[in-house]
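Reader: Hi! I'm new to protein models, and I'd like to learn how to read one. Could you walk me through it?

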Amino acid sequence: MRLGSAVFLASLLALCAAGSDPPRGVAVGFVFDPNAACEPPCEHAGICIRNNTCLCGSGYEGESCQHANCHPKCKNGGVCLRPGKCRCPAGFGGRYCHQVACDGGCWNGGGCVAVNGVAKCICPSSWTGSECQEAICPQGCRNGGICVAPGICSCPEGWLGGACHTAVCSRPCLNGGKCISPNKCRCRSPFSGPRCEERVKSH
Ligand SMILES: *[C@@H]1O[C@H](CO)[C@@H](O)[C@H](O)[C@H]1NC(C)=O
C-alpha cells in the first residue's frame, strides 16, 4: 500500500477528531488500527495500519515496504538499492544505469557502446585492442620493431626506416657492398672483408 505522508497525516487528524466527536459520515482514507499486527513486519519506517497492511514511507513500496523505488527506474537490469540509488550491472553506469561504461575507458578517441548488452570500445581506424590502446602500423614493423603510434614503428638499434626494414652499418660498406643487417655488409665480387674493403686475389 502506498499513500502520501500528507494523506496519512490528514487521516490521523481525522481519526483524532473522530475520537472526540461522534463520526458524522466523514470518509477516512483508511482505518488505523492501533492493535494491528503485520507479519512480516513493516520495513523502512513503514507503519502497520491494519492487520498485514503497511503504510510505507516515501521511497519504499511492497507488502512490507521491503522494496526501494527509484524514479526514474533503474535501466539495463540495474537494481534499486535505496530510493534513487541503483546498482548497475557490469558495463553500465550513471545514476540510473542508463549510460554504457567501459571498464578502463576507451583511449585514443574510441567510443563506448553497448553491443548485445555488453559494453565495448569502438576504435578509430588506426587503433585497436579492447581499450583502443594499440596503434596499427599498416606497413608492419619488422626486425623487432614496435608499433608505437599509427604508422610509426619504434625500431631496435641497428635498424631504420618506416617498417624498421633498413639495416644500419655504422661504417659504410665499400666497393658497392650492401648493408644487409646491422654492421654486416654483403660484398660484390671480387671484394670481401667486414666492409668489403679487400680485393680477393684472383689466380
Ligand atoms: C488482527 O489480528 C489479530 C490477531 O491475529 C486479531 O485478533 C484481530 O481481530 C485482527 N483485527 C482485525 C481488525 O481483523
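Author: Happy to! This is a predicted model, so let's begin with confidence. Helix 1 (residues 5–20) has the lowest mean pLDDT among the elements, 40, while strand 14 (residues 152–154) has the highest, 97.

Reader: Over which residues does pLDDT stay under 50?

Author: That stretch is residues 1–23, and the model gives it 23 contacts beyond four places in sequence. Where pLDDT is low, the predicted coordinates should not be read in detail. For the protein overall, the average pLDDT is 85, and 84% of the residues score at least 70.

Reader: How many disulfides does the structure hold?

Author: There are 15. To call a pair a disulfide, we look for cysteine sulfur atoms within 2.5 Å. In one of them, Cys141 and Cys153 are joined with an S to S distance of 2.1 Å. This pair bridges distant parts of the chain, twelve residues apart: Cys141 lies in the loop between strand 12 (134–135) and strand 13 (146–149), and Cys153 in strand 14.

Reader: Is the disulfide of Cys141 and Cys153 left-handed or right-handed?

Author: The torsion about its S-S bond is about -85 degrees, so this disulfide is left-handed.

Reader: And is Cys153 buried or exposed?

Author: Buried means under 20% relative accessible area. Cys153 has 13%, so Cys153 is buried.

Reader: Which cysteine does Cys42 pair with?

Author: Cys42 forms a disulfide with Cys54, the sulfur atoms being 2.1 Å apart. Here both Cys42 and Cys54 are buried, and the link is left-handed, with -90 degrees about the S-S bond.

Notes
Residues are numbered from 1 along each chain as its sequence is written. This is a predicted model: local features need pLDDT of at least 70, side-chain atom pairs count only at pLDDT 80 or more; totals for chains, interfaces and linings use all residues. Side-chain values use heavy atoms; hydrogens and water are left out. pLDDT is the predictor's confidence in each residue, from 0 to 100. Helices (H or I, at least four residues) and strands (E, at least two) are DSSP runs, numbered from the N terminus. Contact means heavy atoms within 4.5 Å. Buried means under 20% relative accessible area, exposed over 50%, partly exposed in between (1.4 Å probe, protein chains only).
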